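This briefing summarises helix packing, sheet arrangement and model confidence for the structure shown below.

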Amino acid sequence: MDSLSSPNRRSLLKGAAAAALATSLPVAGSASAAPAAPSAPVGSRLTLPSGLQTGDVTSRSAVLWSRASGEGRLHAVLHALDSQGERIIGNGRGRGKDNGRNGHPITLRGPWATAETDFTARVSAKGLPDGTTFETEVYFEDENGRRSEVGAGRFSTAPGKRSDGAQTFVWTADTAGQGYGINPDVGGMFGYETMRSFSPDFFLHAGDTIYADGPITESLEEPDGAVWRNLVTEEVAKVAETLREFRGRHSYNLMDENIRAMYAEVPVIATWDDHETTNNWWAGEVLTDEQYTVRDVNTLAARGRRAWQEYQPIAEVRALSPGSGFEPERIYRLIERGPDLDVFVLDMRTHKGENTNGLEQQATPILGEEQLQWLLKGLRRSQATWKVILADLPLGIVVPDGAGQESISNAENGAPLGRELELARLLSGIKTQKTKNIVFLTGDVHYCAAHHYSPERAAFTDFDPFWEFVAGPINAGSFGPNEMDGTFGPQVDFQKAGPALGSPRDGAGQFFGRVQIAPQGDEFTVELIDANGDVQYTRTLIPQH
């Protein structure tokens, strides 16, 4: 095990981050924060109660997002920086051209933020120069032209064809689960500050961005008897059923100073999983959980999906089309990150079938046919050295759901059945079209692991060997490790889990992954790291040609 010194260890955070939380968050009572819904007094200056984000950043484009305290039009200003981090100053010629190359700011005017979108808004910046760092200013203007407070951030576009292509990124999953919310005593969600301290070029969130089904109370007892103390809001005190409550889950997480600091300077690429709606859900399910008065999962999922997309800086075309700016969008998408990396973001929830025992002779859906064909086509066309597939569910880990299976696997080691048949088609198709250098990154199971899949160990053999890396949770209860299903021949190269339902308090059972892509894509190095910054595992992959 390697140990990595990091400036964000919990001993530093307890003082600095807890103080920041205490001074920046409105508190009523011993552990209750003000309601999440913004309501700016008449005549007051608008604020940015949820900070700002950039997302889905490619070599030529980015999405900028923020939320206002009342009605206002989103504006953004982008200043290109030189290699020393200083603003490039223009010479007066070519003003408004070249999208920042000559040192002239790029100004963007986005849509109005209204109650219809919980006062969130986003705007797309296109035609940007590759490999360029931008300093951003984000603000809103009210109906009288009065400017809000200004949020400051930065992001870098992905490398271009003329660069060496080197970049680094982090990924994780599982934020605010099992009742573990924002705890000022431990410095808030300090795993995010640890990730930020590694200066990644972007961040992948593999799902469970919120836990809409897990009430967050002022305090709860940890397995060892310690008391965890949460900041709470009205919206997170019960399971989310109304659109307001789903929105309140997202705005709650953005109250955390660690998340806000990271999102201001590290672009986000996210997908969703089950807890954005409710645990282990599938379309058409009717809940029996007595916590819910709304039992129809389709109704809950529609509200959860809308809140999720309102709060994500997602670049799907339909989401940025004329209209509200939040038209129904396709979550699965390709994010191009230069000549050596393409990121394929999957949606393994929207088309997922019922959680049966998984032993059906016919294929049952997990991706759905449209998404399956999109993925195969995209992988075939990709010219990038490395193709990362961000999956919200792991491939071979057994995840029971009562008498059924939440996972792709069915806990049987034989030939593919049920959902496994769809995965078999994907893996076989990848082999047939001779796509190389595919790596799956995922979360969901609340522990970290490295799995190598190979046909010589498998019941199904029509595929090429590949790696899957698992990370998370980042601020939730710890679980695992789980059993593996042998259908696709997984070998556990590494796994580490915290204690059952262990809290994030000491950071030792909370995990994220870091990937470093060497110049020209010559190496793909994966590290699994705990929330204190200590490296638990390292594996370097060499590309096949």
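Helix 2 and helix 4 are roughly parallel to each other, because their axes meet at about 30° and angles under 35 degrees fall in that class. The model is predicted, and the chain has an average pLDDT of 90.

**Helix 2 with helix 4**

- Helix 2 spans residues 190-197 and helix 4 spans residues 257-265, and their axes lie 7 Å apart.
- The crossing of this pair, helix 2 and helix 4, is left-handed.
- Helix 2 contributes Phe190, Tyr192, Glu193, Met195 and Arg196 to the contact, while helix 4 contributes Asn258, Ile259, Ala261, Met262, Tyr263 and Glu265.
- The residues of this contact comprise 7 nonpolar, 1 polar and 3 charged.

**Helix 3 with helix 5**

- Helix 3 (residues 243-253) and helix 5 (residues 297-310) have axes that come within 9 Å and cross at roughly 40°.
- That angle makes helix 3 oblique to helix 5.
- The crossing of helix 3 and helix 5 is right-handed.
- On the side of helix 3, Leu243, Phe246, Arg247 and His250 make the contact; on the side of helix 5, the residues are Leu300, Arg303, Gly304, Arg306, Ala307, Trp308 and Glu310.
- By class, the contact of helix 3 with helix 5 holds 5 nonpolar, 2 polar and 4 charged residues.

- An open sheet is formed by 4 strands in the order 6-5-8-9, with antiparallel pairing.
- Strand 5 (residues 72-81) runs antiparallel to strand 6 and is joined to strand 6 by 6 bridges.
- Within this pairing, valine 77 has threonine 107 of strand 6 as its bridge partner.

**Model confidence**

- A pLDDT of at least 70 is reached by 87% of the residues.
- Residues 1-36 have a pLDDT below 50, and this stretch has 74 contacts in the model beyond near neighbours in sequence.
- Residues 319-327 also stay under 50 in pLDDT, and the model has 24 contacts beyond four places in sequence for them.

Definitions and conventions. Residues numbered from 1 in each chain as written. Predicted model: local features only at pLDDT ≥ 70, side-chain atom pairs only at ≥ 80, totals over all residues. Heavy atoms only, no water. Axes fitted to C-alpha atoms, helices over the stretch in contact; angles between N-to-C directions. Helix = DSSP H or I, 4+ residues; strand = E, 2+ residues; numbered from the N terminus. Parallel < 35°, antiparallel > 145°, perpendicular 65-115°, else oblique. Left-handed = near helix turned anticlockwise from the far one by under 90°. Contact = heavy atoms within 4.5 Å. Nonpolar A, V, L, I, M, F, W, Y, C, P; charged D, E, K, R; others polar. Pairing = 2+ DSSP bridges. pLDDT = per-residue confidence, 0-100.
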